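Hello,

Here is the structure you will be working with. Please open it first, then read the notes below with the model on your screen.

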Amino acid sequence: MAVNGDAKHHRGVIGSAKNFWIYSSKTGFDLTHSPNPSSPPITPNVTIKTTTTPITIDPAKSALVIIDMQNFFLSAAFGRTRGAGHEALDQLVNHAIPGARKAGIRVVWLNWGLTDQEIEDMPPAVTRAFGFDTVDDEEGVLNGHVFEAKGAGSAVDKHGNRKHQGGHTVLEDGTKGRKYMGIGSECGVVEDPETGKEIDAGRLLMRDAWNSALQTPLDKLYEEGKKLSTRPDVWIHKNRMSGMWGGRTECEDFLEKEGIKTLFFTGVNTDQCVGGTYTDSFSKGYDCILLSDGAGTTSPEYAQQCYEFNAANTCGFSATCKAFAEGADAMEK
């Protein structure tokens with residue numbers, strides 16, 4: 001009996017000579033990217049159960065992509081209470097990352113990490129998403145393309161409100177009720193939940209700042225992973241919600257150099273940075289699999305459901321972190 005329930009076996013080749021999948025109604029989709037459709041099966045390989053059809057991948061051509069699991073989005077230092085992102089973190093720690101290590105699948109940590117030049121060049125739509133600063137009419141002077149405050153400016157949310165209009169927002173410190181003046185603004189001093197000591201959180205989502213570091217214990221797992229002798233973990237900065245936007249990005253350059261074609265997506269937020277990177281990767285021709293329980297969002301539940309549905313039914317596949325790990329456990333060598 002075929003995996004799709006049909007009594008008669010049927011097969012197909014999907015794609016082009018340079019980038020193709022092989023379908024079998026008995027075994028599902030072969031995403032190993034062998035030299036040609038008649039080549040012997042690539043080994044080692046990993047078969048993973050998805051919500052629709054099994055997929056078989058080549059670990060050497062695959063990567064687990066973990067997006068934006070950073071202190072600013074997850075740490076109690078910024079008033080973040082336990083939610084979907086923390087549940088996703090647990091799935092990564094317990095299943096996805098150990099599975100990737102066992103199978104020899106590369107782990108790519110794709111995170112916000114801005115430079116001053118990138119902030120200077122940032123378009124208004126992206127800047128606005130993280131809030132911005134304003135000045136009172138009588139206190140501000142227009143200088144070039146920005147208002148300069150004679151006194152202290154004030155932070156507003158993405159809608160221009162000084163008082164946030166309901167719901168969870170990453171633009172407000174839930175512990176102290178303060179707001180931030182957008183990307184690159186000073187986060188100030190926070191209490192490190194690990195040590196209880198005060199620490200300068202740095203500028204919002206800038207490279208090498210504490211607020212843009214990985215949430216524990218992922219920080220420790222990255223430090224271990226980058227020391228691996230074979231396919232070590234790699235940290236890649238991004239400067240948009242998508243890490244694959246535009247003509248070329250640092251992430252795309254790395255994947256191409258390493259010959260990686262199959263991507264397993266996790267992180268926060270599912271419908272923003274994870275989803276944006278997933279969608280752009282799909283359009284660029286990568287194999288895209290959403291590990292749905294390894295991705296979380298602060299948006300309403302339907303936002304998560306939308307990406308899970310489209311991943312499974314249009315843009316690729318959807319699976320769980322446990323299914324990913326179980327595939328690694330049963331890896332065919």
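**Salt bridges**

Asp116 is partly exposed, with a relative accessible area of 48%. The model is a predicted one, and that applies to everything that follows. Arg203 is also partly exposed, at 27% relative accessible area. The side chains of Arg203 and Asp116 form a salt bridge, with 2.8 Å from N to O. This pair links distant parts of the chain, 87 residues apart. Arg203 sits in the loop between strand E13 (198-200) and helix H5 (218-225), while Asp116 belongs to helix H3 (residues 116-120).

In total, the count of salt bridges comes to 15. Some of them are connected: Arg248, Glu252, Asp253, Glu256 and Lys284 are linked in a network.

- Arg248 and Glu256 meet through their side chains at 3.1 Å, N to O. Arg248 is partly exposed, with a relative accessible area of 44%, and Glu256 counts as exposed at 53%.
- Lys284 and Glu252 form a salt bridge whose closest N and O atoms are 3.0 Å apart. Lys284 lies in the loop between helix H7 (270-283) and strand E16 (287-296) and Glu252 lies in helix H6, so this pair ties together parts that are 32 residues apart in sequence. Lys284 is partly exposed, with a relative accessible area of 30%, whereas Glu252 counts as buried at 8%.

**Helix H6**

Which residues of helix H6 (residues 250-258) are buried? They are Cys251, Glu252, Phe254 and Leu255. Viewed down the axis of H6, these buried residues fall within an arc of 160°, so they line one face of the helix. Glu256 and Lys257 are exposed on the other side of H6.

After H6 comes Gly259, which has a positive phi, near 70°.

**The sheet**

Strands E14-E7-E6-E15-E16-E17, in that order, make up an open sheet of six strands with parallel pairing. E14 and strand E17 (317-319) stand at the edges with a single partner strand each, so one side of each has no neighbour in the sheet. On average, and with direction ignored, neighbouring strands of this sheet are turned by 25° against each other.

In general, the strands of a sheet pair through backbone hydrogen bonds, in either a parallel or an antiparallel way. Here are two of the pairings to look at.

- Strand E6 (residues 62-67) pairs with E7 in the parallel sense over five bridges. Ile66 stands opposite Trp109 in E7.
- E15 and E16 run parallel and are joined by six bridges. Gly267 stands opposite Ala295 in E16.

H2 touches E6, E7, E15 and E16, and its direction makes about 130° with that of E16. H6 touches E7, E14 and E15, and its direction makes about 145° with that of E14.

Is E16 largely enclosed or largely open? Nine of its ten residues are buried, so E16 is largely enclosed by the rest of the structure.

**The nonpolar core and a buried threonine**

The largest nonpolar core has 76 residues. The members that touch the most other members are Ile48, Ile55, Leu64, Leu205, Phe264, Phe265 and Leu291. Helix H2 (residues 84-103) supplies the largest share of this core, six residues.

Apart from neighbours within four places in sequence, Ile55 is in contact with Phe29, Leu31, Val46, Thr47, Ile48, Thr50, Phe264, Ile289 and Phe317.

Finally, find Thr270 in helix H7. Thr270 counts as buried, at 0% relative accessibility. Not counting residues up to four places away in sequence, Thr270 touches Gly275, Ala295, Gly296, Thr297, Gln304 and Tyr307. Ala295 is the residue that Gly267 stands opposite in E16.

Regards

How values were computed. Residues are numbered from 1 along each chain as its sequence is written. This is a predicted model: local features need pLDDT of at least 70, side-chain atom pairs count only at pLDDT 80 or more; totals for chains, interfaces and linings use all residues. Side-chain values use heavy atoms; hydrogens and water are left out. A nonpolar core is a set of buried Ala, Val, Leu, Ile, Met, Phe, Trp, Tyr and Cys residues joined through side-chain atoms within 4.5 Å. Buried means under 20% relative accessible area, exposed over 50%, partly exposed in between (1.4 Å probe, protein chains only). Helices (H or I, at least four residues) and strands (E, at least two) are DSSP runs, numbered from the N terminus. Contact means heavy atoms within 4.5 Å. The arc is that of the directions from the helix axis to the C-beta atoms. A salt bridge is a side-chain nitrogen of Lys or Arg within 4 Å of a carboxyl oxygen of Asp or Glu. Two strands pair if DSSP finds at least two bridges between them. Axes are lines fitted to C-alpha atoms, for helices over the stretch in contact, and angles run from 0 to 180 degrees between N-to-C directions.
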